[in-house]
Amino acid sequence: MPRAPRPRAGEELLAPFRVLAGGEDLATAGATLLERACQALEAAEGAILLEEDGLVPGPSWGLPGPGGRLGDRPGDRELAADAAVSGRPLGAGSEAWCAMVVEGRAVGVLALRRAVRPFAAGDLAVVELLATGAALATDRLRFLRLWSRKLEQADAAHSQLLRYADDLRTTFSAERRRAEELREALHAVELAYTATVRALASAVEAKDAYTGGHLARVTAYGTEACRALGGDLAATPGLEYAFLLHDLGKIGVPDAVLNKAGPLTDEEWALMREHPAIGLRILEGVPHMDVVRAVVYSHHERWDGAGYPEGLKDEQIPLAARVFAAVDAFDAITTDRPYRAAVSLEEALHRLREASGTQFAPDAVDAIHLVERDRLAAIQATANRGR
């Protein structure tokens, strides 16, 4: 009886998705993704067939089998067409074929071949997740090529906007899958789920020069404040992910804007203020992440209604987002920045109290004040470690 693949967390399963962050051409990035996918699933050969007015051979990796290279053998085009129409992984003994779908359309087909044992049902769920990653990589590189041609024709004033549009389009495509498809895929890689969330958070932290250690601290502050607040909030599933991923949308903000040393222009502020909406779109269709979406989209709202993106006020703002807004500010003013020194914990608490009822929700400010000072100090001290 075929053995199911052992669960993989960390490098083996996450490695193919790191291809999304790099690569300048489809041949190189596609071959790299296939190599990582084959290593993760113990496959001997992999191939991508691309939708170009019909399915045509694209990147490949590994040595051909006895019948020839995947995608070039008699009958392979028909197998690929069946997989593309089905939208689900098709297992054929030692081979697996799965449509690469982005926004409901097949951009190609991922094919994998094992030399030793057939694909089991559990393997096919992982193949589907990897096919989604291959689709996102293909879509990203196609757009990169398109926008590169446009950038050559644009002047300096237009070039940044075009790069932003490319980044934004890539981000929108990254997580837009139907909820059922994602639910089944996540079930197959349950042990990798937490690692994936942390990898996304780390990607945001690496992109924004300011956020070194910020995610870990605000998550710790927020968790403590939610416990102090009482009620069911602290036990809400996904609360830690909500704090870790609050700035997920900054993936879609151009680096030149995100890390600009001086003041932002009105146009740059408009781009920056898009990040809650970008983050919300990335999470669209992902199940069991309601509290994450609430924090990602509403953490810049203000109690007095002067925030963005919706101008919510008072208790219109989700409770988790109200708490996060306060702890986010608390971490900011208790951390050294290039343009000013950190203030003491007591001074920071005093400033939050002064802004209670205007910028911050009174219940959120009260919750932070209820956290033991020693605990706040221990979290704040991590900002200075390793300096």
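**Labels and their cut-offs**

Modeller: Start with strand 4, residues 95-102: 7 of its 8 residues are buried (under 20% relative accessible area; exposed is over 50%, partly exposed in between, with a 1.4 Å probe and protein chains only). So strand 4 is largely enclosed by the rest of the structure. This is a predicted model, where local features need pLDDT of at least 70, side-chain atom pairs count only at pLDDT 80 or more, and totals for chains, interfaces and linings use all residues. Residues are numbered from 1 along each chain as its sequence is written, and side-chain values use heavy atoms, without hydrogens and water.

Biologist: How do you know that strand 4 and strand 5 pair?

Modeller: Pairing takes at least two bridges found by DSSP. Strand 4 and strand 5 (residues 105-113) have 8, in the antiparallel sense. They therefore count as paired. V102 stands opposite R105 of strand 5. The two strands form a hairpin with 2 residues between them. In the turn, E103 has a positive phi of about 55°.

Biologist: Why is R293 called buried?

Modeller: The relative accessible area of R293 is 18%, so R293 falls under the 20% limit and is buried.

Biologist: What makes the pairing of R293 with D290 a polar contact?

Modeller: A polar contact needs N or O atoms within 3.5 Å, one able to donate a hydrogen and the other to accept it; residues adjacent in sequence count only if both atoms are side-chain atoms. The side chains of R293 and D290 are at 2.8 Å, so they qualify. The backbone oxygen of L283 lies 3.0 Å from a polar side-chain atom of R293.

Notes:
Helix = DSSP H or I, 4+ residues; strand = E, 2+ residues; numbered from the N terminus.
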